[in-house]
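Subject: Handover of a structure and the findings on it

Dear colleague,

Please find below the structure I am handing over to you. My findings follow directly after it.

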Amino acid sequence: MLTTDHASWGHTASTGLGFTHEEIVDAHFAACAPHYRAALDEVGLRPGLHVLDAGCGSGAFLPWLCDLVGPDGRISAIDLAEENAALAAERLGRHREPGTFEVRQGDVGDLPYEDDSFDAVWCANTTQYLDDAELARALGEFRRVVRPGGLVAVKDLDASLISAGPGDPFQFTDFFRRAANTPGYARQLLRTRRLHRALEEAGLVSVRQRTTLIEHHAPLEPAALGFYTQACASIARQASDADVPGDWAPFLDPDGADHPLRRPHGYISEGNTLAVGTVPALP
């Protein structure tokens, strides 16, 4: 039977959530940086705003957020892992003057901020760790802390578009679909393209959403090769242990010379979904 709890995916932070340790998170960010920046630029943030990065991790998006709000804007950030919050504060300190930013340790489902505290919330690669009830609670909190007319922007991975080769292009998709038969992380990774519905159910209006395909072709850039060989190895171990059909052996060793992603026709893809909604104006 497949194990779908977060910790089973490896690379855990102090919270026990899989793929949240700074090393793997920063590696994924580096591999997808141009696509992530394009998504952030679509939100509509502008100079002078006060923006909350909810679930900021080690703070990879924070320098870009600083650029977008400019010297007259303010940045706040929060993350569940205490060590990530510390790293994010250190990173922000290199880009902002004291008094223009704040970083806290805390839960996106119980934000320690007053109503209408921000002009916008940015939440990237975080909702995958929330079950449906937790997602609804977090979106409710985002709406609460953003002023009327402000923006709530959620970006996350769409695992239904993960494909690796050479080999069966549906092997990884089949793994996620099989793992999603029970509640847990895999099911949440396949829920991403329904984010627009969740934002609407949270009471946000003018909701828009776009999903893009992130592709890496051989020869993969070092950052992409480093991240995806590790990620594939984690999935391959789980699939092999659970006897999921497919040729998983070539993916097991991230450093293997014959790893599929190191072959002349190596390829890997994933989906990147951005959903943006507006907090409705007061009656």
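Glutamate 97 is placed in the loop between helix H3 (82-93) and strand E3. The model is a predicted one, and in it glutamate 97 is exposed, with a relative accessible area of 58%. Along the sequence, glutamate 97 and arginine 74 are 23 residues apart, while their C-alpha atoms are 10.0 Å apart in space.

The loop between strand E3 (101-105) and strand E4 (118-124) holds aspartate 107. This aspartate 107 is partly exposed, its relative accessible area being 38%. Together with Asp110, Asp131 and Glu134, Asp107 forms a patch of negative charge on the surface.

Salt bridges

The whole structure was searched for salt bridges, and 11 were found. One of them links glutamate 102 to arginine 104, with 3.1 Å between the closest N and O atoms. Glutamate 102 is partly exposed at a relative accessible area of 30%, and arginine 104 is partly exposed at 29%.

Another salt bridge pairs arginine 147 with aspartate 119, and here the closest N and O atoms are 2.6 Å apart. Because arginine 147 belongs to strand E5 (residues 146-165) and aspartate 119 to strand E4, this pair ties together parts that are 28 residues apart in sequence. Arginine 147 counts as partly exposed, with 27% relative accessibility.

A further salt bridge is formed by arginine 193 and aspartate 158, whose closest N and O atoms are 2.6 Å apart. Arginine 193 sits in the loop between helix H6 (185-189) and helix H7 (195-201), and aspartate 158 sits in strand E5, so the pair ties together parts that are 35 residues apart in sequence. Arginine 193 is partly exposed, with a relative accessible area of 39%, whereas aspartate 158 is buried, with a value of 0%.

Buried helices

Why is helix H2 (residues 62-69) described as largely enclosed by the rest of the structure? The reason is that 7 of its 8 residues are buried, where buried means under 20% relative accessible area. The buried residues of H2 are Leu62, Pro63, Trp64, Leu65, Cys66, Leu68 and Val69. Glycine 70 follows H2 and has a positive phi, near 70°.

In helix H5 (residues 171-179), the buried residues are Gln171, Phe172, Thr173, Phe175, Phe176 and Ala179. These buried residues of H5 pack against E5, H6 and helix H8 (222-241).

Backbone details

Most peptide bonds are trans, and most residues other than glycine have a negative phi. Against that background, the following places deserve a look.

- The peptide bond from glycine 165 to proline 166 is cis, with omega near 10°. Proline 166 lies in the loop between E5 and H5.
- Alanine 218 and proline 219 are likewise joined by a cis peptide bond, for which omega is about -5°. Proline 219 is in the loop between strand E6 (205-217) and H8.
- Aspartate 116 is not a glycine, but its phi is positive, near 60°. This residue, aspartate 116, lies in the loop between E3 and E4 and counts as partly exposed at 46% relative accessibility.
- Asparagine 125 also has a positive phi, about 55°, without being a glycine. Asparagine 125 is found in the loop between E4 and helix H4 (132-145).

Yours sincerely,
Your colleague

Technical notes: Residues numbered from 1 in each chain as written. Predicted model: local features only at pLDDT ≥ 70, side-chain atom pairs only at ≥ 80, totals over all residues. Heavy atoms only, no water. Patch = residues over 30% accessible without salt bridge, like charges linked within 9 Å, V, L, I, M, F, W, Y side chains within 5 Å. Areas by Shrake-Rupley, 256 points an atom, 1.4 Å probe, with all protein chains shown as cover. Salt bridge = Lys/Arg side-chain N within 4 Å of Asp/Glu carboxyl O. Lys, Arg positive; Asp, Glu negative; His and termini not counted. Charge placed at Lys NZ, Arg CZ, Asp CG, Glu CD. Helix = DSSP H or I, 4+ residues; strand = E, 2+ residues; numbered from the N terminus. Buried < 20%, exposed > 50% of the residue type's maximum accessible area, 1.4 Å probe, protein only. Contact = heavy atoms within 4.5 Å.
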